[in-house]
Amino acid sequence: LARAFAQAEITPHVEAWDAAAALPASLFDSLSELGFMGMLVPEAYGGLDLDVPSYLVVVEELARADAASALAVSIQNGPVASTLLEHGTESQRDAWLPGLASGECIGAFALSEEGAGSDPAGVATTATRDGDEWVLNGTKKWVTNGARAGLLLVFARTGERGELGCFLVPGGHAGLEVDGRTTTMGLRASETVGLRLNDVRLPGDSLVGRAGGGLGVALDALTVGRAGIAAQAVGIAAASLEHAVRYSREREQFGRPLADFGAIQAKLAEMGARTAAARAAVREVGARLQRVRSGEGDDGVGEDSLVARVAGAKLVASETAMFASDEAVQIFGGYGYMRDYPVEKLMRDAKGTEIYEGTSEIMRFVIAREIMRAADG
């Protein structure tokens, strides 16, 4: 279903959306009608209640057509809905999950700041207690879906010791301002904005979890979020291979199709092998995330810990996307460097997967940290 929808409803418009730097509201309507905005939400709240591996397959197929569309879906289902499911109270879930599942409410995740990208502990936005209310002040950067969001998960410091809290902020709330659209290299159709919070007053029950537990909430959200980005990267790699194969069979040089040349075959083989390996890594972490979601737990340690495996899947998949899209551009030659052909966009989009939700360098740090923790006993 996801593949058919992407081919019919997304692929024909990708070039126009990229040029306009915007996703149309009609796309979100269609995604909502299919249930794709609430894939991980239980049926009791109106969601599809898919397992995690199925969710990741949908993200991959959407990304094969357009990474910006897949990113919007991934943020909605991963860091936003999953955080409410795992850490929210019953009243919070009742209030927000039905709207998220139906697509009536678009979710956004506001963690990063100018001085706090890969390091959540660097957040400077504050949340001060004032009677029964919380008052938030600060700025956020690179918030996907930020301007259209009906619900934002905003992270802020809640005490002198620097603990983080996660807060539910309704879109359009008094004191919340969109601070301009960010122009990006790739994923241009994705709505990435800055936010300002000026004395944003929230009721006490807007806090997700405990006041000092926001870092754990953020790290859990990043774990499921990274799995979604890994699936997105696999979609980009698969699309790169698909375009490269088609072009190499059609394009002739010296009286022969490019696909007849050994140098091109070697490129296609490496692209195919790396894409298959990345997909396998994503499937594996999807299955493990599902076991945790089902209450079975996960007792892996070191390089086999869930955190390390998710980081590894994102690392392998994002670098595969960059490799495959680069090779696709090379196979297209001069045409690959032109905006008239699809592979240059794939290359721009691929670069983003090596950066957001934790850079490749941070992924290597996370993996090494888990290995050393296991070695220390």
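## Close-up views of the predicted model

**View 1. Surroundings of Leu62.** Leaving out neighbours within four places in sequence, Leu62 is in contact with Ala2, Phe5, Ala6, Ile10, Leu31, Ala70 and Val73. The coordinates come from a predicted model.

**View 2. The largest nonpolar core.** This core holds 91 residues. Ile10, Leu31, Leu62, Leu151 and Met271 touch the most other members. Helix 7, residues 214-250, gives the most to this core, with 15 residues.

**View 3. The whole chain, for orientation.** The fold comprises 11 helices and 10 strands. Along its principal axes, the C-alpha trace spans about 80 × 50 × 40 Å. A compact globule of 377 residues would have a radius of gyration near 21 Å, and the chain agrees, with 21 Å. Contacts with a separation of 6 or more are counted here: 72% of them join residues 24 or more positions apart.

View 4. Of the 377 residues, 52% count as buried. The accessible surface comes to about 16,000 Å². Carbon and sulfur atoms account for 52% of that surface. The chain carries 35 positive and 51 negative charges. Their mean positions lie 5 Å apart.

Technical notes:
Residues are numbered from 1 along each chain as its sequence is written. This is a predicted model: local features need pLDDT of at least 70, side-chain atom pairs count only at pLDDT 80 or more; totals for chains, interfaces and linings use all residues. Side-chain values use heavy atoms; hydrogens and water are left out. Helices (H or I, at least four residues) and strands (E, at least two) are DSSP runs, numbered from the N terminus. The radius of gyration is taken over C-alpha atoms; the globule rule is 2.2 Å times the number of residues to the power 0.38. Buried means under 20% relative accessible area, exposed over 50%, partly exposed in between (1.4 Å probe, protein chains only). Contact means heavy atoms within 4.5 Å. Accessible areas come from the Shrake-Rupley method with a 1.4 Å probe; for residues, only the protein chains shown count as cover. Lys and Arg count as positive and Asp and Glu as negative; His and the chain ends are not counted. The place of a charge is taken as NZ of Lys, CZ of Arg, CG of Asp or CD of Glu. A nonpolar core is a set of buried Ala, Val, Leu, Ile, Met, Phe, Trp, Tyr and Cys residues joined through side-chain atoms within 4.5 Å.
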